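Subject: Structure handover

Hello,

Here is the structure you were waiting for. Please open it alongside this message; my notes follow below.

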Amino acid sequence: MRTKSLKKNKINVITLGCSKNVYDSEVLMGQLRANGKEVEHEAPAEKEGNIIVINTCGFIDNAKAESVNMILEYADKKDKGLVDKVFVTGCLSERYRPDLEKEIPNVDQYFGTTELPQLLKALGADYKHELLGERLTTTPKNYAYLKIAEGCDRPCSFCAIPLMRGSHVSQPIEKLVKEAQGLAKNGVKELILIAQDLTYYGLDLYKKRNLAELLEELAKVEGIEWIRLHYAYPTGFPMDVLELMKREPKICNYIDIPLQHISDSILKSMRRGTTQAKTTQLLKDFRAAVPGMAIRTTLIVGYPGETQEDFEILKDFVQEMKFDRMGCFAYSHEENTHAYLLEDDVPDDVKQARANEIMELQSQISWDLNQEKVGQVFRCIIDRKEGAHFVGRTEFDSPDVDNEVLIDASKYYVKTGEFVNIKIIEATEFDLYGEPA
């Protein structure tokens with residue numbers, strides 16, 4: 001039997017899933033560091049540490065499988081004596097804790113999405129209330145995520161997020177401004193606002209949709225130069241946000257608005273509370289209010305009952321709307337959701353073929369839109385150097401999901417973390433190539 005390791009405890013936090021999980025891991029690590037703990041984010045094997053915390057995703061099948069495999073991998077390392085303790089937190093743990101405890105019992109403890117104080121206690125740390133908003137960021141130093149709300153009150157039939165994250169709870173404006181000031185002091189120049197639903201912000205706290213007021217206050221924070229909006233729900237979108245976007249240079253002309261589908265019968269079954277006509281009008285209003293804004297969306301194909309005709313309607317819509325950015329996913333049949341009561345009747349190969357077809361259509365649109373950028377000069381933020389290139393982004397691109405601007409490092413030097421004017425000299429479907437202007 002292996003004797004207890006004498007080395008100093010070192011905690012390695014592994015994050016799976018979305019930017020909301022990244023944010024939660026950063027808060028956890030900030031708390032651990034404040035408690036004098038040695039903590040790393042996704043340290044390589046040789047520096048791994050002896051205590052592992054896995055922050056899981058439980059959103060759709062692929063994400064669940066990835067999370068389960070990661071837990072199994074570290075449970076096995078614990079069996080072999082390579083690590084001492086394994087803790088699991090996050091969405092998968094929130095949703096399937098009894099099953100996980102039964103199937104993978106040699107994990108030390110499982111925690112849900114709202115059990116940070118309990119997780120800290122298990123790690124020998126105290127939850128420090130005075131640390132409100134302070135965290136150990138894992139992103140490049142020039143940008144950070146700002147989670148403005150937790151949970152969701154929308155009734156979408158396909159979505160398990162309310163099961164894992166609970167009802168919508170907005171964070172107060174003062175708290176978010178304080179957090180933004182702290183991030184700015186540490187060199188953050190771009191805030192990426194995230195929530196399950198930005199458009200709902202403030203309804204619980206202020207009895208009105210208050211995203212515009214929050215943005216006005218964040219724009220006053222010295223050092224913050226870009227504010228980017230992610231995950232805005234199309235129903236009940238607060239139009240005063242567009243007026244602010246147009247007149248406030250710090251707010252990027254960019255919005256991520258997941259539409260999921262456009263066929264009226266599918267939208268109704270999805271319980272999205274909108275129609276094709278309303279959605280089309282909303283997008284036209286966006287473009288009229290803020291000419292040149294980049295619109296990103298995500299779509300789901302293969303939802304129960306989706307006919308070839310529904311799919312053709314979706315394809316025509318994509319072709320007509322020419323989104324700047326898009327992701328497309330095959331429907332995942334999630335237990336305990338409203339759609340789980342429906343028959344998952346679109347075969348997997350058809351789902352995948354439809355997703356591929358939409359993305360092929362989008363890559364052509366993306367190619368055409370990117371060719372229009374050749375010869376233009378854009379203000380870019382430089383995120384990192386990777387291989388032979390410096391990698392930057394325009395205000396129309398979010399990290400990890402959108403276009404990147406690649407600058408030949410053998411010819412030019414640009415400083416990471418800084419804004420630089422870049423002239424685009426060449427473009428592919430998903431990347432731009434440029435040189436300092």
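Which residues does UniProt list for "binding site"? The unreviewed entry gives C18, C57 and C91. They span 74 residues in sequence, yet no two of their C-alpha atoms are more than 10.5 Å apart, so the three gather at one spot. Keep in mind that this is a predicted model.

The cysteines

Take C18 to begin with. Where is it found? C18 sits in the loop between β1 (10-15) and α1 (19-34). Its relative accessibility is 32%, so C18 counts as partly exposed.

Now C91. This residue lies in helix α3. Is C91 buried or exposed? C91 is buried, because its relative accessible area is 8% and the cut-off for buried is under 20%. Neighbours within four places in sequence aside, C91 touches N21, T56, C57, G58, T113, M164 and R165. One of these contacts, C57, is also on the UniProt list.

Helices α2 and α3

The helix that holds C91 is α3, and α3 also packs against α2. The ranges are residues 61-79 for α2 and residues 91-103 for α3. How far apart are their axes, and at what angle do the helices pack? The axes are 12 Å apart, and the angle is about 55°. The two helices are therefore oblique to each other. The crossing of α2 past α3 is right-handed. On the α2 side, the residues in contact are K64, S67, V68 and I71. On the α3 side, they are L92, R95, Y96 and L100. By class, this contact of α2 with α3 has five nonpolar, one polar and two charged residues.

Helices α12 and α13

Helix α12 covers residues 308-321, and helix α13 covers residues 348-371. Their axes come within 10 Å and cross at roughly 15°. That angle is under 35 degrees, so α12 and α13 count as roughly parallel to each other. The crossing of α12 past α13 is right-handed. From α12, the contact uses Q308, F311, L314, K315, V318 and Q319. From α13, it uses R354, E357, I358, L361, Q362 and I365. The residues in this contact of α12 with α13 divide into six nonpolar, three polar and three charged.

Best wishes

Conventions. Residues numbered from 1 in each chain as written. Predicted model: local features only at pLDDT ≥ 70, side-chain atom pairs only at ≥ 80, totals over all residues. Heavy atoms only, no water. Axes fitted to C-alpha atoms, helices over the stretch in contact; angles between N-to-C directions. Helix = DSSP H or I, 4+ residues; strand = E, 2+ residues; numbered from the N terminus. Parallel < 35°, antiparallel > 145°, perpendicular 65-115°, else oblique. Left-handed = near helix turned anticlockwise from the far one by under 90°. Contact = heavy atoms within 4.5 Å. Nonpolar A, V, L, I, M, F, W, Y, C, P; charged D, E, K, R; others polar. UniProt positions renumbered as here; feature names shortened; annotations may be inferred. Buried < 20%, exposed > 50% of the residue type's maximum accessible area, 1.4 Å probe, protein only.
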